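Dear colleague,

I am passing a structure on to you, and I would be glad if you looked through it with the notes below at hand.

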Amino acid sequence: MGFIISFGRSLASPWFVPIAHTLVALPFVIRTLQPALASIPERLRQAASTLGASPFRVWQTVDFPILSRATLSAATFAFTVSLGEFGATLLLTRPEYPTIPIAIQRFLSQPGGLNFGQAMAMATLLMLLTTLAILAIEKLRLSDSGEF
């Protein structure tokens with residue numbers, strides 16, 4: 001509703017749906033990355049700085065290797081949340097830029113077996129993509145620690 005109130009008639013841009021999906025998924029991404037950020041030992045950063053590494057080099061050699069798996073998991077989780085997002089998309093979408101949940105809703109709102117079958121096929125595709133993404137996240141976990 002905030003998008004509609006703030007931008008009104010200028011909502012015709014196809015960029016508002018990805019922005020809304022980003023805002024919906026952002027808390028999940030932060031929650032996924034926070035433990036990985038907290039697990040980086042400060043002494044590793046200090047040791048790299050003491051040895052003459054620039055801040056970018058410290059990030060490249062210390063932070064990035066530790067955060068890479070968690071970042072990939074967070075991105076996959078954000079993709080999964082965005083894939084099924086219906087609420088914000090329903091308010092912001094335009095007929096020429098439908099998402100899978102909106103298309104499923106349109107097919108279900110029309111009578112006929114063919115429309116129902118197409119909606120179920122799209123729902124199956126959505127379920128399959130979500131399952132594959134969650135399995136990819138689980139594959140990234142370390143087997144012994146239960147963390148990324």
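Helices here are DSSP runs of H or I with at least four residues, numbered from the N terminus. With that in mind, please note that the model is a predicted one, and that Asp63 lies in helix α4.

Helix α4 spans residues 55-83, and its axis comes within 9 Å of the axis of helix α3, residues 42-50, the two crossing at roughly 160°. Because angles over 145 degrees count as roughly antiparallel, α3 is roughly antiparallel to α4. The crossing in which α3 passes α4 is right-handed. On the α3 side the contact is made by Leu44, Arg45, Ala48 and Ser49, while α4 contributes Val58, Val62, Asp63 and Ile66. Sorted by class, this contact of α3 with α4 has 5 nonpolar, 1 polar and 2 charged residues.

Is Asp63 buried or exposed? Since buried means under 20% relative accessible area, Asp63, at 9% relative accessibility, counts as buried. Setting aside neighbours within four places in sequence, Asp63 is in contact with Ile40, Arg45 and Val58.

Helix α4 also packs against helix α2, which covers residues 16-38: their axes come within 9 Å and cross at roughly 155°, so that α2 and α4 are roughly antiparallel to each other. Their crossing is right-handed. The residues of α2 that make this contact include His21, Phe28, Thr32 and Leu33, and those of α4 include Ile66, Thr71, Phe77 and Val81. By class, the contact of α2 with α4 has 14 nonpolar and 5 polar residues, and no charged residues.

Although Ala70 and Pro35 are 35 residues apart in sequence, they are 8.9 Å apart in space, taken from C-alpha to C-alpha.

With kind regards

Conventions. Residues numbered from 1 in each chain as written. Predicted model: local features only at pLDDT ≥ 70, side-chain atom pairs only at ≥ 80, totals over all residues. Heavy atoms only, no water. Axes fitted to C-alpha atoms, helices over the stretch in contact; angles between N-to-C directions. Parallel < 35°, antiparallel > 145°, perpendicular 65-115°, else oblique. Left-handed = near helix turned anticlockwise from the far one by under 90°. Contact = heavy atoms within 4.5 Å. Nonpolar A, V, L, I, M, F, W, Y, C, P; charged D, E, K, R; others polar. Buried < 20%, exposed > 50% of the residue type's maximum accessible area, 1.4 Å probe, protein only.
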